[in-house]
Amino acid sequence: MDILGVDYGEKYVGLAVGKADFGVATPYKTIETEADEDKLKLLEEIVEQEQIKKIVFGLPLAENREETEMSQQVRKFAKKLQRKVGTLKIGR
């Protein structure tokens with residue numbers, strides 16, 4: 001697998017994996033912890049084990065398509081993960 005999809009939440013983080021060539025992701029696992037450091041450590045391990053090349057985060061938006069407080073939390077967490085995994089591409 002080379003793409004990891006992340007649905008970030010304060011307590012749960014849903015993960016899906018897929019191949020860029022196929023355009024389909026399948027459920028992988030759910031991380032259940034409130035501590036970002038624990039989430040980051042587990043994600044770092046998954047990236048290594050599954051040879052992930054790209055991480056894509058779901059970005060929650062309000063009904064008017066504006067960013068929300070949760071959107072900012074997702075962006076902040078994604079930046080933390082980027083620092084952990086180095087040159088791995090995070091984004092679109």
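This is a predicted model: local features need pLDDT of at least 70, side-chain atom pairs count only at pLDDT 80 or more; totals for chains, interfaces and linings use all residues.
## The β2–β3 hairpin

Let's start at a turn: β2 and β3 make a hairpin with four residues between them, and Gly 23 in that turn has a positive phi of about 70 degrees.

Residues are numbered from 1 along each chain as its sequence is written, and side-chain values use heavy atoms, with hydrogens and water left out.

## The whole protein

Two helices and five strands make up the secondary structure, and from the N terminus on they come in the order β-β-β-α-β-α-β. The radius of gyration is 13 Å, close to the 12 Å that the globule rule gives for 92 residues, so the protein is as compact as a globular protein of that length. (That radius is taken over C-alpha atoms, and the rule is 2.2 Å times the number of residues to the power 0.38.) Along its principal axes, the C-alpha trace spans about 35 × 30 × 25 Å.

Of the 92 residues, 29% count as buried, where buried means under 20% relative accessible area, exposed over 50%, and partly exposed in between (1.4 Å probe, protein chains only). Take the contacts (heavy atoms within 4.5 Å) between residues at least 6 apart in sequence: 46% of them join residues at least 24 apart.

β1 pairs with β2 in the antiparallel sense over five bridges, and a hairpin of four residues links the two strands. Gly 5 has Ala 16 in β2 as its bridge partner.

Val 6 belongs to β1, residues 3–7. With a relative accessible area of 3%, Val 6 is buried. Leaving out residues up to four places away in sequence, Val 6 touches Val 13, Gly 14, Leu 15, Ile 55, Val 56, Phe 57 and Gly 58.

## Helix α1

α1 has 14 residues and reaches 20 Å from its first C-alpha to its last, close to the 20 Å expected at 1.5 Å a residue; that expected span is 1.5 Å times one less than the number of residues. Its buried residues are Asp 36, Lys 39, Leu 40, Leu 43, Ile 46 and Val 47. They cover an arc of only 125 degrees around the axis, so they end up on the same side of α1. The arc is that of the directions from the helix axis to the C-beta atoms.

Over on the other side of α1, Lys 41, Glu 48 and Gln 49 are exposed. The cover for the buried residues includes β1, β2, β3, β4 and α2.

## Two loop residues with positive phi

Gln 51 isn't a glycine, yet it has a positive phi of about 55 degrees. You'll find Gln 51 in the loop between α1 and β4, and at 56% relative accessible area it is exposed.

Arg 65 is another residue other than glycine with a positive phi, near 70 degrees. Arg 65 lies in the loop between β4 and α2, and counts as exposed at 67% relative accessibility.

How values were computed: Two strands pair if DSSP finds at least two bridges between them.
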